[in-house]
Amino acid sequence: MSEATRGALPREVAQPAYDRAACGIGIVHLGLGAFHRAHQAVYTDDILAKHSGDWAIHGVSLRGPGVRDQLAPQGGLYTLAERGPEGEALRVIGAVKAVTFAAESPEALIQRLAAPQTRIVSITVTEKGYCHDPASGKLRPEHPDITHDLANPGRPRSLPGFLLAGLRARRAAGAKPFTLLSCDNLPHNGRLLRGLILELAALEDPGLAAWIEDEARFPATMIDRIVPATTEADRARAEERLGLRDEGLVVAEPFTQWVIEEDFADGRPPWEEAGAEMVRDVAPYEEMKLRLLNGSHSLLAYLGYLAGYETVADTMADADFRRLAKCFMDREAGPTLKLPAGADLEGYKAALIERFANPGLQHRTWQIAMDGSQKLPQRLLGSLRQRLDDGAPIDILALAVAAWIRYAGGQDESGREIDVRDPLAARLGAVYAAGAAPAGIVEGFLGISEVFDAELAADPRLRAAVTAALQSLVDHGSRATVAAALQRLEV
């Protein structure tokens with residue numbers, strides 16, 4: 001796949017309908033993974049097709065050179081494969097014009113951030129990329145990357161370090177700050193990012209912190225699209241249809257949603273013309289998505305993996321797991337929501353059930369299960385806290401937490417090792433092993449302050465419910481535990 005070869009693509013493959021060479025770069029995106037390429041870059045591609053202009057994307061990988069190695073030889077071009085029950089549609093995306101790996105030249109990235117043409121810096125680095133404590137939302141000054149960045153501000157490693165370096169350079173040049181647009185699944189992601197940057201700036205230069213507080217903008221967003229990891233089988237399948245090899249292929253469901261707070265420092269693309277929703281308050285949309293979609297996803301991922309199901313669609317093909325997901329939304333997560341105006345809650349929940357069951361997506365339970373220590377506070381613990389405050393039942397929420405604990409123990413129901421990918425993986429495994437019995441294991445996990453705040457961890461109702469659920473998972477396994485829970489709840 002390249003500019004030189006895409007002319008040979010079949011007619012049914014949609015291609016960029018604009019002059020890519022004429023588009024200037026106005027957006028730097030940090031975290032050029034599959035989600036950004038299947039979501040925000042597609043909206044931007046639509047806008048460039050309508051208006052051309054200077055909103056092309058410079059995509060930056062922070063973790064490794066893999067994505068750069070895939071896309072740079074292709075000139076940033078890649079294919080989006082949208083898969084639904086009716087089949088697959090292929091489309092070439094051209095919005096990403098430059099691709100780099102930050103660690104190879106941090107100075108060059110800072111220069112790009114400082115350039116007046118850079119008006120938006122958008123972000124998808126997942127929860128763990130923020131170098132914060134998920135339970136409190138505060139910066140972790142002892143994080144190795146933050147420690148490094150404070151000592152080496154001109155050669156940062158972390159997301160907050162790079163953002164602060166770019167803002168520092170803008171201030172020194174007398175330029176406006178860029179807009180910092182977090183697109184990660186974090187509650188109040190704009191406010192959270194703002195707090196982290198101000199904390200880091202205050203440790204270095206209170207004057208810089210004051211300038212950022214007065215001048216910079218951190219709009220909140222809600223992003224929604226299911227984007228499984230691309231496999232070699234996906235690439236081979238696309239190659240048969242394209243007649244070309246595409247190393248940068250991404251796969252997604254047809255559904256997509258992007259809600260953005262209208263608060264930008266120096267202009268923005270008219271993303272609403274591509275279907276984005278520009279609003280004054282993102283919080284109700286964000287809460288609905290985090291608690292229903294992401295909360296259900298985590299519930300299904302941990303229980304489904306333990307039951308031996310490889311994908312979410314496989315899990316949903318089991319009638320009990322499908323009923324449990326619906327029960328979770330109807331009885332426990334749904335009642336905690338403050339709905340946005342005009343929201344169709346029942347329609348949204350029904351659509352989620354069908355999206356999870358989409359046989360066209362091979363969304364692995366193992367992939368969704370990654371980084372649970374970072375995800376649970378956003379996806380499950382907010383609902384749990386509210387249900388406890390209301391004196392309401394927490395049966396399924398407690399089962400989801402217990403399933404995470406069982407999974408994080410590192411051994412499945414057949415005694416096989418689980419490849420637990422989590423920043424706290426070693427610690428989680430050690431806590432599980434030290435607990436010996438479910439009561440002790442739950443005691444140990446609730447003591448992990450990076451996940452559970454002290455008040456929640458001390459609640460005896462939570463402790464008892466999670467312990468009972470974990471005991472059942474250990475004694476009877478995931479399938480039997482789900483069946484028993486449904487019978488008990490009289491679903």
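This is a predicted model: local features need pLDDT of at least 70, side-chain atom pairs count only at pLDDT 80 or more; totals for chains, interfaces and linings use all residues.
At what angle do helix α17 (residues 425–435) and helix α18 (residues 438–446) pack, and how far apart are their axes? That one is taken up in the first close-up. Residues are numbered from 1 along each chain as its sequence is written, and side-chain values use heavy atoms, with hydrogens and water left out.

**View 1. Helices α17 and α18 pack at about 145 degrees, their axes 7 Å apart.** Helices here are DSSP runs of H or I with at least four residues, strands are runs of E with at least two, and both are numbered from the N terminus. Axes are lines fitted to C-alpha atoms, for helices over the stretch in contact, with angles running from 0 to 180 degrees between N-to-C directions. On the α17 side, look for Leu428, Val431, Tyr432 and Gly435, which meet Gly440, Ile441, Gly444 and Phe445 of α18 (contact means heavy atoms within 4.5 Å). By class, that makes 5 nonpolar, 3 polar and no charged residues; Ala, Val, Leu, Ile, Met, Phe, Trp, Tyr, Cys and Pro count as nonpolar, Asp, Glu, Lys and Arg as charged, and the others, Gly among them, as polar.

**View 2. Helix α16 (residues 395–408) crosses helix α20 (residues 460–476) at roughly 55 degrees.** Their axes come within 8 Å. The two are therefore oblique to each other (under 35 degrees is roughly parallel, over 145 roughly antiparallel, 65 to 115 roughly perpendicular, and the rest oblique). Again the crossing is right-handed, with α16 passing α20. From α16, the contact takes in Ala398, Leu399, Val401, Ala402, Ala403, Ile405 and Arg406, while α20 brings Ala465, Val466, Ala469, Leu470, Leu473 and Val474. The tally for this contact is 12 nonpolar, no polar and 1 charged.

**View 3. Five strands make an open, parallel sheet in the order β5-β2-β1-β6-β7.** Two strands pair if DSSP finds at least two bridges between them. β5 (96–101) and β7 (179–182) each have a single partner strand, so one side of each is left without a neighbour in the sheet. From one strand to the next, the twist averages 20 degrees. β2 (residues 56–61) pairs with β5 over 5 bridges, and histidine 58 has alanine 98 of β5 as its bridge partner. Helix α2 (residues 40–51) lies across β1 (25–30), β2 and β5, at about 160 degrees to β2. Helix α4 (residues 106–114) lies across β1, β2 and β6 (120–123), at about 135 degrees to β1.

**View 4. Three strands make an open, mixed sheet in the order β8-β10-β11.** At the edges are β8 (221–224) and β11 (277–279). β8 and β10 (residues 257–261) pair in the antiparallel sense over 4 bridges, and aspartate 224 stands opposite glutamine 257 in β10.

**View 5. Alanine 81 sits in strand β3 (residues 78–84).** At 1% relative accessibility it counts as buried (under 20% relative accessible area; exposed is over 50%, partly exposed in between, with a 1.4 Å probe and protein chains only). Leaving aside neighbours within four places in sequence, alanine 81 is in contact with Glu88, Ala89, Leu90, Leu249, Val250, Val251 and Ala252.

Note on methods: A crossing is left-handed if the near helix is turned anticlockwise from the far one by less than a right angle, and right-handed if clockwise.
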